[in-house]
Amino acid sequence: MTFTSNNANCTIASTTLTAAPAGGCTVTATKAADTNYNQATATVAVTTSLNAQTITLRLQLRPPPLAVRNHTPTATATSGLTVAFTIAPGSASVCSISTGIISFLTAGTCTIQANQAGNGNYSAAPQITQTVTVTGGVNLNALSAFSRKTHGPAGPFDLLIDDAQSIGGAVTVEPRAIGTGHTIVFTFSGTVSATGSATTPVGSAAVSAGTASNEVIVTLTGVPDAQRATVSLSGVNGTTSKSVSLGFLIGDVNNSRNVTQTDVSSVKARSGQPANASNFLMDLNATGVIGSADIAATKARISRSLP
């Protein structure tokens with residue numbers, strides 16, 4: 001927060017204003033923009049007479065947000081009664097309500113209705129409304145990222161990516177073959193209305209909406225085996241970004257970042273099993289059944305490792 005005066009009647013040092021014995025000035029408080037808020041300003045008039053004054057400036061500003069996701073409506077009830085909030089008809093596609101918190105699903109205007117219940121002493125209060133408008137997209141929190149592949153009739157299985165790892169660290173390894181592409185699924189705290197764009201230093205990346213409303217899918221093609229890559233997603237709902245680093249090494253089913261005899265033994269031990277939630281990583285070719293082709297693919301890559 002910064003403070004400025006419009007004339008020499010007042011001097012300002014940090015948050016201390018010194019005013020001349022007589023006269024006046026206008027003080028402007030400015031809160032700079034940041035990643036969550038636009039710039040905001042407010043003004044206050046200072047008038048003095050006879051004696052000089054020293055004032056500590058304590059203006060507080062609540063800047064307009066770039067985009068709002070949650071809003072807590074307020075209403076005062078007659079003593080002993082309660083107020084219930086509901087979403088007005090026509091606003092359900094924009095916002096929802098749960099335990100008194102309004103969550104915006106997309107940009108737009110949400111009308112909130114407050115209803116005071118009656119009892120033996122009071123009648124129900126007339127309905128009042130509060131309107132909140134969100135522009136520029138809804139802020140989301142990035143939650144997690146998965147590597148997803150569909151294993152034939154067994155369906156899709158997701159490998160959770162450790163998003164705390166840097167590109168050179170102990171990254172999560174996707175051991176399954178690329179097939180038509182590696183599918184990286186990003187999940188968010190609310191409905192995605194704009195998928196944004198993605199980049200990766202290896203191969204190419206294409207962005208699409210996920211099967212769930214809070215997902216964004218990045219499909220990677222042209223990624224060679226035994227590679228590390230960072231997948232960066234930006235501009236989700238206009239403002240949210242998320243990056244994850246992972247490795248691609250066919251046959252590294254034990255996530256050691258090396259293919260060893262232990263990986264071969266792990267795949268062999270499950271030969272003939274249909275893919276399920278506990279063994280799907282051994283189904284390297286994602287056919288839905290772990291078989292000889294998966295064992296051979298692992299054997300062929302013994303001693304290969306991530307750079």
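1. In strand S3, Thr-16 is the bridge partner of Ala-13. Strands here are DSSP runs of E with at least two residues, numbered from the N terminus. S2 (residues 10–13) and S3 (residues 16–19) pair in the antiparallel sense over 4 bridges; two strands pair if DSSP finds at least two bridges between them. The two strands form a hairpin with 2 residues between them, and Ser-14 in the turn has a positive phi of about 60°.

2. On the source: this is a predicted model, in which local features need pLDDT of at least 70 and side-chain atom pairs count only at pLDDT 80 or more, while totals for chains, interfaces and linings use all residues. Residues are numbered from 1 along each chain as its sequence is written, and side-chain values use heavy atoms, with hydrogens and water left out.

3. An open sheet with mixed pairing is formed by 4 strands, in the order S15-S21-S20-S17. Its edge strands, S15 (172–174) and S17 (197–199), each pair on one side only.

4. S17 pairs with S20 (residues 227–236) in the antiparallel sense over 3 bridges. Within S20, Ser-232 is the bridge partner of Thr-199.

5. Ser-245 lies in strand S21 (residues 240–248). Is Ser-245 buried or exposed? Ser-245 has a relative accessible area of 6%, so it counts as buried (under 20% relative accessible area, 1.4 Å probe, protein chains only).

6. Leaving aside neighbours within four places in sequence, the residues in contact with Ser-245 (heavy atoms within 4.5 Å) include Ile-161, Val-171, Ala-229 and Thr-230.

Key:
Buried means under 20% relative accessible area, exposed over 50%, partly exposed in between (1.4 Å probe, protein chains only).
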